[in-house]
Amino acid sequence: MVSLGCPKALVDSERILTKLRADGYQMSPDYAGADVVLVNTCGFLDSAKEESLGAIGEAIAENGRVIVTGCMGKEAELIRARFPEVLAITGAAQYEDVVGAVHVAAPIPPSAYLNLVPDAGLKLTPRHYSYLKISEGCNHRCAFCIIPSLRGDLVSRRPDAILREAEKLVAAGTRELLVISQDTSAYGVDLKHASWPWKGGEVRAHMTDLARELGKLGAWVRLHYVYPYPHVDKVVPLMAEGLVLPYLDIPFQHASPTVLKAMKRPANEAKVLERIRGWREICPDIAIRSTFIVGFPGETDADFDYLLEWLDEAQLDRVGAFKFEPVSGAAANDLPGVVPEAVKEERYARFMEKTAAISAARLEAKIGRTLDVIIDAVDPEGGATGRSQADAPEIDGEVHLRDAGHLQQGDIVPVLVEDADEHDLYGVPARAPGTAGLRRLAVRARLG
């Protein structure tokens, strides 16, 4: 399996692998040992499409028997024009079609054992954290995005099914649940926020209700892709209570009202700043991550300067940026005011310089504090790498520890922060109060 793209595509890959393992298939660690190669593609940007096509080409060159799935499945003609030898092409989330294509390409031996799958399914992530997809598709029609044409409108999963999956993941060792979808805030809209039986009561198909129930399972719960609807305000108290991690991933995309209008995004940026201040009053430790697009068609110098000033006000903790890139089929391609590439580069550099300075200041303020950290890796030299509650895996910063050789992957430990840079923290595992005295008493007892 070659899995490209976002965590949502990763979950699709995990589901496909889980079904195939249930059918008796084994996974090959390399091309040479595989009877067939699955390539789960990304089609969000033209550059991502080229990466996907490159992965298909590599799989064909190395193995020759390739099935393509994922977002680029919508462009089967393009794929077949370049790679006519591809065995089958399916779209995003078409799990049964993918599995059926594998059965045809590599028929399962009649003597295969079928009890090879753990309850939590097969995962491509480490054991201690898991992505939990709650819905597919999106009802928005942002000018720069073609996700609705790739994955369709919003289709939410039943809340009881999500919670059962989460329970199995936690029972199998998951310490952190990363909730993902195209639009987490819209969860349950298509289900009219109906309720389903759960644990002797009921649970509503609604973001706040689902977050509250997930928070009762004993694992960290991190919310991704949160669109800033008004009811997001009701999730922040759950963070203050400790049920949900104090972390919001909100893709604001821009701050200039003119650019937001062209993007077909909400344009009340002043209200957003007011809400961010309100969230921090309720939950002072809340970390807000976001992504932005620079160089969108029609973006003027004044629009970009407005964005930089807005960032000074918002003081977001984690920020990423993309230079606008036309995507085949996106409405933004037809907008006037194309920004020259040199201007995009210059604005991108200024944007990253600004956000790096903000990040450095916010991380420096954590020096001297003790933070809970989940351990991702321990090295033989006694160091370890982990993440605080403000850090999602692979997209945010890390916490680098010394004197941590006694820890294990998946441990959640208090860490004293000793230093910081623009992106990461540095520290040492904090000792519980009084442990030195307890050790001395134990020594005396043994000596006596």
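**Exercise 1. Find what the buried residues of helix 12 pack against.**

Step 1. Locate the helix. Helix 12 covers residues 341-364. Helices (H or I, at least four residues) and strands (E, at least two) are DSSP runs, numbered from the N terminus.

Step 2. List the buried residues of helix 12: Lys344, Arg347, Phe351, Thr355, Ala356, Ile358, Ser359 and Leu363. Buried means under 20% relative accessible area, exposed over 50%, partly exposed in between (1.4 Å probe, protein chains only).

Step 3. Name the partners. Contact means heavy atoms within 4.5 Å.

The model is predicted: local features need pLDDT of at least 70, side-chain atom pairs count only at pLDDT 80 or more, and totals for chains, interfaces and linings use all residues. Residues are numbered from 1 along each chain as its sequence is written, and side-chain values use heavy atoms, with hydrogens and water left out.

**Exercise 2. Check the span of helix 2 and find where its buried residues lie.**

Step 1. Compute the span. The expected value is 1.5 Å times one less than the number of residues. For the 17 residues of helix 2 (residues 46-62) this gives 24 Å, and the end C-alpha atoms are 24 Å apart, so the two agree.

Step 2. Pick out the buried residues of helix 2: Ala48, Lys49, Ser52, Leu53, Ala55, Ile56, Ala59 and Ile60.

Step 3. Look down the axis. The buried residues of helix 2 fall within an arc of 155°, so they line one face. The arc is that of the directions from the helix axis to the C-beta atoms.

Step 4. Turn to the face away from the buried side. Exposed Ala61 and Glu62 sit there.

Step 5. Identify the cover. It includes strand 1 (2-3), strand 2 (37-41), strand 3 (66-70) and helix 3 (76-82).

**Exercise 3. Describe the lining of the largest cavity.**

Step 1. Define the space. On a 1 Å grid over the protein atoms alone, a cavity is a set of points where a 1.4 Å probe fits but cannot get out; lining residues have an atom within 4 Å of a point.

Step 2. List the lining of the largest cavity: Ala287, Asp317, Arg318, Arg362, Leu363, Lys366, Ala390 and Asp391.

Step 3. Sort by class. Three are nonpolar, none polar and five charged. Ala, Val, Leu, Ile, Met, Phe, Trp, Tyr, Cys and Pro count as nonpolar, Asp, Glu, Lys and Arg as charged, and the others, Gly among them, as polar.

Technical notes:
1 Å grid on protein atoms, 1.4 Å probe; cavity = no way out; pocket = protein on both sides within 12 Å on 5 of 7 lines; lining within 4 Å.
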